[in-house]
Amino acid sequence: MANVLAVLEQRDGSVRRVSHEALTAGRALADALGGELHAVLVGPSGISADGLGAWGADKVFVAAGDTVAQYQPAPYAAAAVARAQAGDYAAVLLGATALGKDLGPRIAARLAAPILSDVTAIAHDGGIVVHRPVYAGKAIQQLKVTGKTCVITIRPNNFTPAENAHAGAVETVPVPDEAPRARTVAVKESDGAALDVAEAPIVISGGRGLKEPEHFKLIEDLAAAFGNAAVGASRAVVDAGWRPHAEQVGQTGKTVSPNLYFAIGISGAIQHLAGMRTAKVIVAINKDKDAPIFKVADYGIVGDLFEVMPPLIDAVKNARGN
Amino acid sequence: MKIAVCVKRVPDTETRVKIAADGKSIDEGGVKFVLNTYDEFAVEEALKLKEQAGSGEVAVFALGGDAAQETIRTALAMGADRGVLLKVDAPPADPFVAAQALAAELKDGGFDLILCGKLAIDDYAHAVGTMIGELLGIASASAVSKLTIADGKGTAEREVEGGMEVIEFSLPAVVTAEKGLNEPRYPALKGIMMAKKKPLEVKPITLGAGGIELVALTLPPERQEGRILGEGPDAVPALIEALRTEAKVL
């Protein structure tokens, strides 16, 4: 009987939403395997693992200490691997976040196991079968795990966290004292924009149609009107230096799956569509009625964005009370 | 400064993906293959660091079929000194298998730094570089958009949600490149001519078995074409109404 291990992610001592998603996905897989769901949580002294049973964890192993308050590759990997080797785990799950994309391969390499990255569906059919987008979402790969164990990183915003009460028994484990060859010495918070384009429930993206970098103010204003939206950008405007790469949506930027995506002044090049086609609702505003973006948009407005945006911003402000 | 760069041959970003008859791969007909976008940043960074150091070597490694020689030549045309192709029928589906093969080749190379792209724009694994670091037991930093190397130590910055992480590490190390690390140079005609004469070793290798099997490759479900709500600012109320009552996102 094989179990499942979820490696959780915290920031400032709070477990992040993507980890609730990992627990939810892990619970479903553990049930299919007839096993238990365990979790590893590494974080600052005094971090609480209470309440994680609500998301389906049978047991949570906590390694807490001030040396691991923020992500440190070596001890985080060592803590996860120590647990993974102490039990019979068919899979180790974590979120495909900046942390997960760095930590996941470390765990897999140390376990000599395959890694399945940025997974959007997990099933059990005589073995673990996953779906994952490749070519930036232009195709979907189905992979079957043939080895004894594997590491799976799940795409954020894809598995909806579901409460499913289990024991959530907490056990304290030591912080590994592996000598680090690399150390995180600082985390510089970016100014203002707290929401990351890959994680935000609403993304407002702008492209060449804005004509000048200053006109991105319209994009920022619409994002502010929603309140919980992040600003995104097309490759053209990032390459032109108007916007930072962190905001780029598309094949050489971020792949996003928000509840609502606005493409404003973006024609819809293949590489851009690849990055946002899994958004739940897509709105496009473009002056060219034949722009490819309208082929994937749920709702379109044909017109000059400089005329459409001001009344749209006002209407959203009213609707949201912002 | 002795630097290794791992590169991969991938379909260009403008590729319209069609599934091949085997149901497991893309139809390569009409597809243009290029040096992986993120690997270009890795090659450029290696060349810059060698130039700064004033001496050293940039060696390029690829895992793939014969056609990957062309990819290595692109890196040589940019200015790398030599290339090695670890020749297999096709790159493996399991990133650990790829990392094992590359790590075995790099192990005794005496490299101060191993640079890779943060991911390949075909399989999106985002894993091989970091795995090479773990297999070699050396430091690694992934998705790096700023890198400084001095006195046997490195400082890297990587984007995380809502900020930048600053990482310090000792050499030797693996660094995987994010877009924004630099502006890759275009190979000049002279570089392209010189690349033809640079050493490119082809080593047939046998890959490990790995722990995953590719079952199928399919196209994503088509999105239902939506509707145009109108033209210009007059369409705004219809949009607000649709977002509120149909899509229920407002």
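**Entry 1**

I started with helix H6 (residues 236–246) of chain B, which lies across strand S17 (281–286) and S18 of chain A together with S13 of chain B, running at about 150° to S13(B). The model is a predicted one, where I need pLDDT of at least 70 for local features and 80 or more for side-chain atom pairs, while totals for chains, interfaces and linings use all residues. Residues count from 1 along each chain as its sequence is written, and chains are lettered from A and ligands numbered from 1 in the order in which they are written.

My terms: helices (H or I, at least four residues) and strands (E, at least two) are DSSP runs numbered from the N terminus. For angles I use lines fitted to C-alpha atoms, for helices over the stretch in contact, and read 0 to 180 degrees between N-to-C directions.

Next I looked up the sheet under the helix's strands. It is open, with six strands in the order S15(A)-S14(A)-S16(A)-S17(A)-S18(A)-S13(B) and parallel pairing; a pair needs at least two DSSP bridges between its strands. Strand S15 (229–233) of chain A and strand S13 (227–231) of chain B are the edges, each with a single partner strand, so one side of each has no neighbour in the sheet. From one strand to the next, the twist averages 20°.

I then checked where the chains join here. Strand S18 (residues 299–302) of chain A and S13(B) run parallel and are joined by four bridges. A:Gly300 has B:Ile228 in S13(B) as its bridge partner.

**Entry 2: H6(B) against H8(A)**

Helix H8 (residues 305–320) of chain A was next on my list. Its axis comes within 10 Å of that of H6(B), and the two cross at roughly 40°. H8(A) and H6(B) are therefore oblique to each other (under 35 degrees is roughly parallel, over 145 roughly antiparallel, 65 to 115 roughly perpendicular, and the rest oblique).

Which residues meet? From H8(A) I noted A:Val308, A:Pro311, A:Leu312, A:Ala315 and A:Ala319, and from H6(B) B:Val236, B:Ile240 and B:Arg244. Contact means C-beta atoms, placed from the backbone, within 7 Å. By class, this contact has seven nonpolar, no polar and one charged residues. Ala, Val, Leu, Ile, Met, Phe, Trp, Tyr, Cys and Pro count as nonpolar, Asp, Glu, Lys and Arg as charged, and the others, Gly among them, as polar.

**Entry 3: chain A against chain B**

I widened the view to the two chains: 74 residues of chain A are in contact with 73 residues of chain B. Helix H3 (residues 98–111) gives the most to chain A's side, with nine residues. That side divides into 40 nonpolar, 16 polar and 18 charged residues.

Another cross-chain pair turned up: strand S13 (residues 182–189) of chain A and strand S9 (residues 163–170) of chain B run antiparallel, joined by seven bridges. Here A:Lys188 stands opposite B:Met164.

**Entry 4: a four-stranded sheet**

I also found an open antiparallel sheet in the order S8(A)-S9(A)-S10(A)-S12(B). S8 of chain A and strand S12 (212–218) of chain B are its edge strands, each pairing on one side only.

Strand S8 (residues 121–124) and strand S9 (residues 128–134) of chain A share four bridges, with A:Ala121 opposite A:His131. Their hairpin has three residues between the strands, and A:Gly126 takes a positive phi near 65°.
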